[in-house]
Amino acid sequence: MALRNIVTEGDPILRKKCRPVEAVDGRIREILGDMLETMRDAQGIGIAAPQVGIMRRMFVAEPEPGRVYYMINPEILETDGSEYGEEGCLSVPGYAGTVQRPTFLRIRATDISGEERTLEFH
């Protein structure tokens with residue numbers, strides 16, 4: 001695994017539409033591993049592929065140590081409720097703001113092993 005450069009606000013890549021991942025292969029797993037290492041090094045809890053210059057629909061999240069989610073071609077199926085919380089973004093260093101998020105989220109995505117899963121977050 002390797003650390004990748006984090007793309008920062010102002011770079012047009014952060015506003016472009018990503019392409020889906022066609023197959024979960026060794027290259028995709030390597031990129032996801034690099035993303036996890038880069039995110040941890042930057043003390044983040046989530047990072048999307050465009051944030052490291054990869055225009056693919058995937059992200060990594062680690063909401064608590066050791067609980068890693070690899071989401072490939074994620075699709076939001078359902079949301080409910082609303083809450084506000086303070087968040088930062090690795091692509092906007094030094095800034096944090098109040099963000100509105102759902103209190104319930106159901107998402108379908110492929111994981112790092114290539115299995116499609118439906119996950120719920122409360």
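Mentor: Helices (H or I, at least four residues) and strands (E, at least two) are DSSP runs, numbered from the N terminus. The model is predicted, so local features need pLDDT of at least 70 and side-chain atom pairs count only at pLDDT 80 or more, while totals for chains, interfaces and linings use all residues. Residues are numbered from 1 along each chain as its sequence is written, and side-chain values use heavy atoms, with hydrogens and water left out.

Trainee: With those elements in hand, where is the place of Ile-45?

Mentor: Ile-45 sits in the loop between α1 and β1 (46-48).

Trainee: Is Ile-45 buried or exposed?

Mentor: Buried means under 20% relative accessible area, exposed over 50%, and partly exposed in between (1.4 Å probe, protein chains only). Ile-45 has a relative accessible area of 57%, and is therefore exposed.

Trainee: Which residues is Ile-45 in contact with, leaving aside its neighbours within four places in sequence?

Mentor: Contact means heavy atoms within 4.5 Å. With those neighbours set aside, Ile-45 is in contact with Met-39, Val-60, Ala-61, Glu-62 and Pro-63; for Pro-63, which is 18 residues away in sequence, the C-alpha to C-alpha separation from Ile-45 is 5.6 Å.

Trainee: How should I read the largest nonpolar core, and how many residues has it?

Mentor: In soluble globular proteins, nonpolar side chains tend to be buried together. A nonpolar core is a set of buried Ala, Val, Leu, Ile, Met, Phe, Trp, Tyr and Cys residues joined through side-chain atoms within 4.5 Å. The largest here has 16 residues, and those with the most contacts inside it are Leu-32, Met-35, Ile-47, Met-58 and Val-60. At least two residues of this core come from each of α1 (26-41), β2 (58-64) and β3 (67-80), and α1 gives the most, with six. Beyond four places in sequence, Met-58 touches residues including Ile-28, Leu-32, Ala-48 and Met-71.

Trainee: How many aromatic pairs does the count come to?

Mentor: Rings of Phe, Tyr and Trp (its six-membered ring) pair if their centres lie within 6.5 Å; planes under 30 degrees apart count as stacked, over 60 as edge-to-face and the rest as tilted. The count comes to one aromatic pair. The rings of Tyr-69 and Phe-121 have centres 5.1 Å apart and planes at 75 degrees, so this pair is edge-to-face. It links distant parts of the chain, with Tyr-69 in strand β3 and Phe-121 in strand β7 (residues 116-121), 52 residues apart. Tyr-69 is buried at 17% relative accessibility, whereas Phe-121 is partly exposed at 23%.
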